[in-house]
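This briefing covers helix packing in one predicted model.

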Amino acid sequence: MNFAGIDLTLSAKLFAALFAIMNPLTIIPVFLSLTADRSPAERRSTMLVLNATVALGCLICALGGRFVLGVFGIDVTHFQLAGGLIVLLLALSMLSGEEHSAHAGTEAEKKTFSSASSMGVYPLGIPLSIGPGTMTTIIVFSGSSATAGGAAGFYLALIGYVVFFSIAMAVAPALSSVLSATALSISKRLMGIVLAAIAMEMLTDALGHLFPAWVAHAG
């Protein structure tokens, strides 16, 4: 679907994928827990650093992700295939109600979270918000920005989600009162279904480029 030359279908897919992977509803409880003993000013400072880290990380992945792949001689199609597998693993862990260590951190890493010098950067920014799944998704979708409409749709969704995420974190204390364990569990599983569908689209698209004859036969 296009509007004023903007690929809104791409925008919707990217926004949904980012919401599923870096869902503020799952990050807010961690943010409030890690900053529980901080003053309001310190908590606000951590929130601003987190939002800046997310915005900068997303921008770097969008503008430089494919350049880095080229430097290392990594084929974009192969990266998309690997990325689809990573996103699918994240989706499956969400559907089972678990946290994948790629984003939530390992048990050893979690022990260092509260003593981090800048929690807005680590662990709240990386890896809880900007982890392998987020990076992969942005880089893969950036390939759709080859056309003017695709580029407009890609950056509309990316900037829109960063703004949405920042607002959600800014009102985190207010949202905490309505974030029950049941609501978080339902949200995680619903987002897992959405993310699994997007991961399968990444995989089938990559396989289509690798095996064009198979796609032609299937069609």
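Helix α3 and helix α8 (residues 132–142) pack with their axes 8 Å apart, at an angle of about 70°. Angles of 65 to 115 degrees count as roughly perpendicular, so α3 is roughly perpendicular to α8. Helix α3 (residues 40–71) also packs against helix α9 (residues 148–170), where the axes come within 9 Å.

**α3 and α8**

- On the α3 side, the contact is formed by Cys58, Cys61, Ala62, Gly65, Arg66 and Leu69.
- These residues meet Met135, Ile138, Ile139, Val140 and Ser142 of α8.
- By class, the contact of α3 with α8 comprises eight nonpolar residues, two polar and one charged.

**α3 and α9: geometry**

- The axes of α3 and α9 cross at roughly 165°.
- Angles over 145 degrees count as roughly antiparallel, so α3 runs roughly antiparallel to α9.
- The crossing of α3 with α9 is right-handed.

**α3 and α9: contact residues**

- From α3, the residues in contact are Met47, Leu50, Asn51, Val54, Ala55, Cys58, Ala62 and Leu63.
- Their partners in α9 are Phe154, Tyr155, Leu158, Val162, Phe165, Ser166, Met169 and Ala170.
- The contact of α3 with α9 has 14 nonpolar and two polar residues, and no charged ones.

**Residues of α3 in both contacts**

- Cys58 and Ala62 are among the α3 residues that meet α8, and they are also among those that meet α9.

Note on methods:
Residues are numbered from 1 along each chain as its sequence is written. This is a predicted model: local features need pLDDT of at least 70, side-chain atom pairs count only at pLDDT 80 or more; totals for chains, interfaces and linings use all residues. Side-chain values use heavy atoms; hydrogens and water are left out. Axes are lines fitted to C-alpha atoms, for helices over the stretch in contact, and angles run from 0 to 180 degrees between N-to-C directions. Helices (H or I, at least four residues) and strands (E, at least two) are DSSP runs, numbered from the N terminus. Angles under 35 degrees count as roughly parallel, over 145 as roughly antiparallel, 65 to 115 as roughly perpendicular and the rest as oblique. A crossing is left-handed if the near helix is turned anticlockwise from the far one by less than a right angle, and right-handed if clockwise. Contact means heavy atoms within 4.5 Å. Ala, Val, Leu, Ile, Met, Phe, Trp, Tyr, Cys and Pro count as nonpolar, Asp, Glu, Lys and Arg as charged, and the others, Gly among them, as polar.
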